[in-house]
Amino acid sequence: MDFLKKTRRAILPAYQKYYSRLHELKFIFFELTHDCNLTCLHCGSDCVKGSGKEHLKQDDVLGVLKDIKGKYNSRKISVCLSGGEPLCYPDVFRLGRKIYELEFPWGMVTNGFAWNEKKIRMAKQSGMHSITVSLDGLEDTHEWLRGRRSSFNRAVNTIRLLLADRFWQAMDVITCVNSRNIDQLDGLYDLVKNLGLENWRFFIISPIGRATQVPELFLNKEQYHRLLNRILEFRSRGEINVALSESGYLGPQWELSVRNQYYFCRAGINIAGIMVNGDILACPNIDRRFAQGNIHKDTFTYVWENEYEKFRDRSWMKKGVCASCSEWKLCRGNSLHTWDLDENRPKICHYRDFGLDYPGGDGH
């Protein structure tokens, strides 16, 4: 391990403790809707076309943001609109414009299916700051995962449209790596490079939501190591900013090799989520039983300042397999969205389950 890695590893526990106590709000996610134009196998919210569930009202979104703006600097807090698919939400760009007028940088995570030149113009006029588009393999594997024909070509076209009109401040593509597309990463690299993409993130699918019913979505140990090594090789080319997304602690051999920052689950520390029913969470992917309040009866900023302690002091997670782990101070129970409240343990431990705890971190 080189000097930089050793130094950052040594100071990480103090860094995490400091920022947990500071708990500066940096990102807030709004789950606008459960409606979606796709039926993705890995959906954590079980979203479908015409879900029949009520949307999160625009006035509720704006009410939360006005409350936040009254106490914090809105220009330093990013708003992410999610779902479901944000473009299935009525007048999403009108909402975006109002968020922009409140001086919050805002963006969305989209499957890329419903975009066209008109939508690009609307996004531009709304002041959209950032966007993430999902691209989950080449045509066969992307459409298998997303559950709809033409979804691959539409996502690729959306990426082209966005790259042709760079009104946004930040854009990336994110890929869900699974057992079907693990062998397509080189072909996918060539595609995104030829499109002119600059930022590309990978993550693996966690055993939550609909994903628990589809074993093919999950990588085995050998496949996970192949993923890490492909990311390492892609990064060495210096052509695209490639990184593994925050998806679990990787141990001393891989941290800072496949992403630029040391693992740090910021759910409830710098990140908050508002669910479609108004529940206040630490991030949109965690167990809904972690709700700390509801915007229909609670003031968000009060909850943020007074009800998030269990996310900032995670000593309660040091139990079972985590209690005697040598990496506890850096991992702190792994990503919160993987925590099983019934079993009191992480559903997946990247460090141990994928053999990253072996000497050399290669699983052998």
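How do helix 2 and helix 3 lie relative to each other, roughly parallel or roughly antiparallel? In this predicted model, the axes of helix 2 (residues 58-69) and helix 3 (residues 92-101) come within 11 Å and cross at roughly 15°. Angles under 35 degrees count as roughly parallel, and helix 2 and helix 3 are therefore roughly parallel to each other. As for handedness, the crossing of helix 2 and helix 3 is right-handed.

Glycine 84 sits in the loop between strand 2 (78-82) and helix 3, and the peptide bond that joins glycine 83 to glycine 84 is cis, with omega near 25°. Aspartate 91 belongs to the loop between strand 2 and helix 3 as well. Its phi is near 55°, which is a positive value in a residue other than glycine. With a relative accessible area of 43%, aspartate 91 is partly exposed.

Another positive phi turns up at serine 150, where the angle is near 75°, again in a residue other than glycine. Serine 150 is placed in the loop between helix 5 (139-146) and helix 6 (151-164). Its relative accessible area is 31%, so serine 150 counts as partly exposed.

Turning to the aromatics, the structure holds 18 aromatic pairs. One of them brings together tyrosine 189 and tryptophan 200: the ring centres are 6.2 Å apart and the planes stand at 50°, so this pair is tilted. Where do tyrosine 189 and tryptophan 200 lie? Tyrosine 189 is in helix 7 (residues 185-195), while tryptophan 200 is in strand 6 (residues 199-204), so the pair ties together parts that are eleven residues apart in sequence. Tyrosine 189 has 0% relative accessibility and counts as buried; tryptophan 200, likewise at 0%, is buried too.

Ring pairs also build a cluster, linking Phe290, Phe300, Trp304, Tyr308, Phe311, Trp316 and Trp339. One member of that cluster, Trp304, has a charged neighbour over its face: arginine 312 lies there, at 4.5 Å from the ring centre.

How many disulfides does the model have? The count comes to zero. The cut-off for a disulfide is a pair of cysteine sulfur atoms within 2.5 Å. For cysteine 40, the closest cysteine sulfur is in cysteine 36 and lies 5.4 Å away, so the two are too far apart for a bond. Cysteine 40 is buried, with a relative accessible area of 8%. Cysteine 349, at 16% relative accessibility, counts as buried.

Technical notes: Residues numbered from 1 in each chain as written. Predicted model: local features only at pLDDT ≥ 70, side-chain atom pairs only at ≥ 80, totals over all residues. Heavy atoms only, no water. Phe/Tyr/Trp six-rings, centres within 6.5 Å; stacked < 30°, edge-to-face > 60°. Helix = DSSP H or I, 4+ residues; strand = E, 2+ residues; numbered from the N terminus. Buried < 20%, exposed > 50% of the residue type's maximum accessible area, 1.4 Å probe, protein only. Lys NZ or Arg CZ within 6 Å of the ring centre and 35° of its normal. Axes fitted to C-alpha atoms, helices over the stretch in contact; angles between N-to-C directions. Parallel < 35°, antiparallel > 145°, perpendicular 65-115°, else oblique. Left-handed = near helix turned anticlockwise from the far one by under 90°.
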